[in-house]
Amino acid sequence: MIANIINIGSELLNGRTVNTNLIEISKELRKYGFEIDKQISIRDDRLLLYSELKSVFDNFDGNLIIITGGLGPTEDDITTEIVSKAIGAELILDTNELQRIKDYYLSLNRKMPKNNLKQAYFPKGYKIIINNNGTASGYSVEHNGFDILVLPGPPTEMLPMLKKYLKLYNSNQLSNYTLNLFGKGESLIETEIRKIDYNRDILEINTYVNNGIIDISIEYNKNDEIYAFEIINLLKEKFKDEIFYENLNTVESEIVKILINKRKTLTLAESITGGLIANRITNIPGASNVLIYGGVTYTENSKIKELYVKKDTLDKFSAVSSEVCEEMLIGLATKYDADYRISITGYAGPDAGDGGEVGLVYIGIGDNFENRVFKSHFIGNRERIKNYAANKALIELLKLINKN
């Protein structure tokens, strides 16, 4: 099956917004057996949008066109208007949808603004997809033998609606298995994968990199599951020293999920990462049940004051040392009654004080039984080093949690 993706919004083309919808839509489409042969982004301009949509609609020889963005109540939200014009369908008022929008505002003790009325109009022949997270519902409409699926732009609204729609195609669903690695470069991993003799007509193996974490994604049809797992087991054996997890969403979401289920808690003391680890943890819903304390102890004085690090230790070994990292862990344990702890200190660059080396990082991981300090060295600019260090810290914490 063939799909096209059209993302609408001037913000996607002026550098203000990253088009994360393209990534999420592509992932979901692959699960259901779609191949994407075209993606375009279009700014909010009536003439341009009509011209582009009409051209795509008239020349498309596939199954599904997904359009995101431009379903809001403002003047430049023109997607439904132009879609209707491009397919030659009149706009119809959905009174049930209008009442839903009114009820939404009523729940906020507000009256529905007049400009929200446009969100209750749809092209003739539409099938509505209710938006449970906002006022702009999506819809699908059949045209020239293919479906046009129109969804709102905000990812938190778009993705649940897309998943709901794609259930119609689950008979062709692909399966995916992912191995999560850390500690080896992508080029080395790809070289090793190429040495494996596997049927490329049955399996698709790809690698994806995110700040040191490398995902090996194996896609296959459910009918080929036995063969797929023969190759997956070969990959597991080949990369047994680098694999730290399987089928991971994100490290932080897995940590929060497990700690919630186990009713365990966490404290953080960050120096080099400056709160990056705490930010990633608190981006996950339910983190308030897990994170007791997340502090940035960036200076020597803050390490002394907040974590009881000894001045003698700092003077003798410097702030970036195994000894100081461990004392930061001990300080967390002294002040806060938590089940797990992370401390981290290092040199992010471009310079390193105390005769140190840029990229040198010490990561402390502890529970109520032991403390461990890991020494790492990362290469790159300041941002890259911080992100690699944060990933390494979270991965080592995840390993400890699963060990227990």
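The model is predicted: local features need pLDDT of at least 70 and side-chain atom pairs count only at pLDDT 80 or more, while totals for chains, interfaces and linings use all residues. Residues are numbered from 1 along each chain as its sequence is written, and side-chain values use heavy atoms, with hydrogens and water left out.

**Stop one: the largest pocket.** Select Lys27, Thr178, Asp215, Leu248 and Asn249, which of its 36 lining residues lie nearest the centre. A pocket here is an open set of points on a 1 Å grid over the protein atoms alone, where a 1.4 Å probe fits, with protein on both sides within 12 Å along at least five of seven lines; lining residues have an atom within 4 Å of a point. The volume is about 1,400 Å³, taken as the space filled by probe spheres set on the points, which are joined across faces, edges and corners.

Next, colour the elements that each supply at least two lining residues, among them α1 (20-31), β9 (174-182) and α13 (382-403). Helices (H or I, at least four residues) and strands (E, at least two) are DSSP runs, numbered from the N terminus. The top contributor is α1, with eight residues.

**Stop two: the second largest pocket.** Move to Glu11, Gly69, Gly70, Gly153 and Pro154, the closest to the centre among 27 lining residues. This pocket has a volume of about 380 Å³. Here β1 (2-8), α1 and α5 each give the lining at least two residues.

**Stop three: α1 against α5.** On α1, select Thr20, Asn21, Glu24, Ile25, Glu28 and Leu29; on α5, select Pro155, Met158, Leu159, Leu162, Lys163 and Leu166. These residues make the contact, meaning heavy atoms within 4.5 Å.

**Stop four: two loops.** Go to the loop between β15 (340-346) and β16 (360-366), where Pro350 lies. The peptide bond from Gly349 to Pro350 is cis, with omega near 5°. Finally, select Asn109, in the loop between α4 (95-107) and β5 (121-123). Asn109 is not a glycine, yet has a positive phi of about 60°.
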